Amino acid sequence: MKNPLIIYDSLTGNVDRFASRLEYRKMKVSPELEIKQPYLLVTYTTGFGEVPRSTQEFLQRNHSNLLGVASSGNKNWGQLFAKSADIISSQYNVPILCKFELSGTYNDTERFIREVNRIVQFNSKVDRIKQ
């Protein structure tokens, strides 16, 4: 099994906690981060269903290797719940792996892992992932 790279962005710590439960290689979004290999993105939703500025800036530089996206949100926002996943999926034509509330549950983590495994298995770009 290949070891996919997970890039994540977190403001309040919810996505940090979600990512900490994943046994994959992980890197947190930072202003200077440049990714030259396929990766999966986990981010959060901010404002009124918006993609965080830090995630937007990261994707402007690194979108060509994006394979899929997951997003945290709060179900109190109704249709705007985890909306950043919808926006990124549409903008970069990648699948949504999952949406989860706050830092997610065990079931959210398991669903994410299943989707990552499916993408790794069926995506030819993943052959370039470094072990």
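1. A salt bridge is a side-chain nitrogen of Lys or Arg within 4 Å of a carboxyl oxygen of Asp or Glu. D108 forms such a bridge with R111, the closest N and O atoms being 3.1 Å apart. Because D108 and R111 are three residues apart in helix α4, about one helical turn separates them. An α-helix has 3.6 residues a turn, so residues three or four places apart point the same way. D108 counts as buried at 10% relative accessibility, whereas R111 counts as partly exposed at 29% (buried means under 20% relative accessible area, exposed over 50%, partly exposed in between, with a 1.4 Å probe and protein chains only).

2. The model is predicted: local features need pLDDT of at least 70, side-chain atom pairs count only at pLDDT 80 or more, and totals for chains, interfaces and linings use all residues. Residues are numbered from 1 along each chain as its sequence is written, and side-chain values use heavy atoms, with hydrogens and water left out. Helices (H or I, at least four residues) and strands (E, at least two) are DSSP runs, numbered from the N terminus.

3. A search of the whole structure finds seven salt bridges. One of them joins the side chains of E34 and R61 at 3.8 Å, N to O. Salt bridges that share partners join E34, K36 and R61 into one network.

4. The side chains of K99 and D86 also meet in a salt bridge, at 2.7 Å from N to O. Here strand β5, which holds K99, is linked to helix α3, which holds D86; the residues are 13 apart.

5. The largest nonpolar core has 19 residues, among which I6, L40, V42, A70, L97, F112 and V116 touch the most other members. A nonpolar core is a set of buried Ala, Val, Leu, Ile, Met, Phe, Trp, Tyr and Cys residues joined through side-chain atoms within 4.5 Å. At least two residues each come from β1 (5-8), α1 (14-20), β3 (39-44), β4 (66-73), β5 (96-101) and α4 (106-122). The largest share, four residues, is supplied by α4. A second, separate core of 15 residues includes I7, L33, L41 and V51.

6. Which residues of helix α2 (53-62) are buried? They are T55, F58, L59 and N62. Seen down the axis of α2, these residues fall within an arc of 100°, so they line one face of the helix; the arc is that of the directions from the helix axis to the C-beta atoms. R53 and Q60, on the other side of α2, are exposed. The cover over the buried residues includes β1, β3, β4 and α3, counted by contact (heavy atoms within 4.5 Å).

7. Two residues deserve a check of backbone geometry. Most residues other than glycine have a negative phi. A82 has a positive phi of about 50° although it is not a glycine; A82 lies in the loop between β4 and α3 and is buried, with a relative accessible area of 0%. L102, in the loop between β5 and α4, has a positive phi near 55° and is partly exposed at 40% relative accessible area.
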